[in-house]
Amino acid sequence: MNDSQFDYDLLVLGSGPGGEGAAMQATKGGMRVAVAERYTQIGGGCTHWGTIPSKALRYTITSTMKTLQSPIFQELGVHVSPSLAQLQRGTQAIIAKQVSMRQSFYERNNVPVLRGNARFLDQHTITIGGCDPIRAKHFVIATGSRPFHPEGVDFDHPRIFDSDTVLNMPPQPGSMAIYGAGVIGTEYASMFRNMGIKVNLINTRAKLLEFLDDEIIDALAYHLRDQGVILRHNEEMERIEGTDDGVVLHLVSGKRLKTDTLLWANGRTGNTDELGLETIPLEANSRGQLEVDEQFQTSVPHIYAVGDVIGFPALASAAYTQGRAAAMHMLGKIDGNLRINDIPTGIYTSPEISSVGKTERELTAAKVPYEVGHSLFRSLARAQITGETTGMLKILFHRDTLEILGVHCFGANASEIVHIGQAIMSQPEGRNTLEYFTETTFNYPTMAEAYRVAALNGMNRLF
Ligand SMILES: Cc1cc2nc3c(=O)[nH]c(=O)nc-3n(C[C@H](O)[C@H](O)[C@H](O)COP(=O)(O)OP(=O)(O)OC[C@H]3O[C@@H](n4cnc5c(N)ncnc54)[C@H](O)[C@@H]3O)c2cc1C
């Protein structure tokens, strides 16, 4: 088909990080690009219901509580409990800044954002909000996901929330049950506990966040319990009963928990049901997710899918890189430098967690002869000065080649600290080793110094 028969070279569905990454990369590569967005503002779930509001609130809670609990405030006898509404006041301003900044990217690059729900009419044609058909040579589906709603749970009940609605919670509850201990459930458990809410975190699995390194999982569980979060593993919901004065969670194990509110944080569904996929035809799985190959192509090669709509890892960070990778593939530039398989984990619990590379469990299963170097934050001058002494950095490395195989960190700023290790891990063979950290002078006092301490600790284990 002749290119002039198409209105656009690429039509991106969704303006979250996945869609934005694809649109910007494609337009820089000379493609004629448009984006379809059904929400009133651009930025996606990331900006409006997910990453940005939750991280903005977390920052406000952490910094406010730290101030209120500081010895000076205690001595002055300042005892106040800010409400959720007060703590959230700054969030809207941050969202507005994000929206206007992202809007300017589209405007500067002459990428129109077409408002309305996009729906396929056939493999190359789409209607947006029922408007005249638009034809495009390629598509990127970046329509994100939404909280999974199981049958029988009344999400209209004023005390039952999901992650899209929880931040609109009316007066602060005294207690909350969080059903689902994935990243979102665990992050909210930390946040609400830090505000003084009694939290029950109900995990359907045996451990928290099983994809993490075991030592980090144990540390997280210890610190959550220490803060007062009640962890209940291996539980399954039987039913949820909303009453006038609370919510009763009936568990299959026979337990019954009554709390003021309930946050449902168990699973997400890809936003594919309104896309008219049957006209392509393309089929989503039972979770509404699309299958893609390594280049993010669906079974219809000119239709790509990126971000939450393809499932794991369901991170804004990954969605953006995937969008760029898909656009590069369309442009005929397959760029291995995008490192789409080298996605770090950043989990904004208290303590914060971040990791990249292999876990001890994976290396042991693969029979890799690795060794480990630890650095405890409490021994670092910088942590002693800031008072943020909870935490640890561990480096996993090959005991013969010293190649760094994994970096795992928990504690203040873990999600920043991990990137130093990631940068060295991604160096070419021979330069991706522990020696970088033993031979480099680090600013003092810094948290980065943890790398030198951990590297020397690991070296000392070799014989
Ligand atoms: C509470 C919470 C906290 C999170 N914290 C983090 C974090 O700290 N770090 C991190 O990396 N990730 C985090 N995430 C995950 C992150 O928000 C998502 O991975 C990311 O938003 C996915 O980007 P996306 O582009 O795939 O989809 P989205 O950001 O969801 O964007 C999809 C867009 O598509 C639009 N759309 C949907 N269907 C259509 C249609 N038919 N037509 C037109 N437009 C359509 C939607 O309106 C939306 O604007 C968090 C998520 C939640 C819920």
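Me: How do α3 and α6 lie to each other, parallel or oblique?
Reply: Let's start with what we are looking at. This is a predicted model, in which local features need pLDDT of at least 70 and side-chain atom pairs count only at pLDDT 80 or more, while totals for chains, interfaces and linings use all residues. Residues are numbered from 1 along each chain as its sequence is written. Helices (H or I, at least four residues) and strands (E, at least two) are DSSP runs, numbered from the N terminus. An axis is a line fitted to C-alpha atoms, for helices over the stretch in contact, and angles run from 0 to 180 degrees between N-to-C directions. Under 35 degrees counts as roughly parallel, over 145 as roughly antiparallel, 65 to 115 as roughly perpendicular, and the rest as oblique. Here the axes of α3 and α6 (residues 89–108) cross at roughly 135° and come within 9 Å. The two helices are therefore oblique to each other.

Me: Which residues of α3 and α6 meet?
Reply: Two residues are in contact if their C-beta atoms, placed from the backbone, lie within 7 Å. On the α3 side you will find I52, P53, A56, L57 and T60, and they meet G90, T91, I94, I95 and Q98 in α6. Sorted by class, this contact has 6 nonpolar, 4 polar and no charged residues. The classes are: Ala, Val, Leu, Ile, Met, Phe, Trp, Tyr, Cys and Pro nonpolar; Asp, Glu, Lys and Arg charged; the others, Gly among them, polar.

Me: Is the crossing of α3 and α7 left-handed or right-handed?
Reply: A crossing is left-handed if the near helix is turned anticlockwise from the far one by less than a right angle, and right-handed if clockwise. For α3 and α7 the crossing is left-handed. S54, L57, R58, I61, T62 and M65 of α3 make this contact with E187, M191 and N194 of α7. By contrast, α3 and α6 cross in a right-handed way.

Me: At what angle do the axes of α1 and α9 cross?
Reply: Roughly 30°, with the axes coming within 7 Å. This crossing is right-handed. Residues that meet here include P17 and G18 in α1, and A316 and A319 in α9. The contact holds 10 nonpolar, 7 polar and 2 charged residues.

Me: Which residues come nearest to the ligand?
Reply: A residue is near a molecule if its C-beta atom, placed from the backbone, lies within 6 Å of it. Of the 38 residues around the ligand, G14, G16, G44, G144 and G307 come nearest. Among the elements that give two or more residues to this shell are α1 (17–28), α3 (51–68) and α9 (316–330). The shell divides into 15 nonpolar, 18 polar and 5 charged residues.

Me: Where does UniProt place the FAD/NAD(P)-binding domain?
Reply: The unreviewed entry puts this domain at residues 8–323. Such annotations may be inferred rather than shown by experiment; positions follow the numbering used here, and feature names are shortened. The span is 31% helix and 24% strand, and its end C-alpha atoms lie 17 Å apart.
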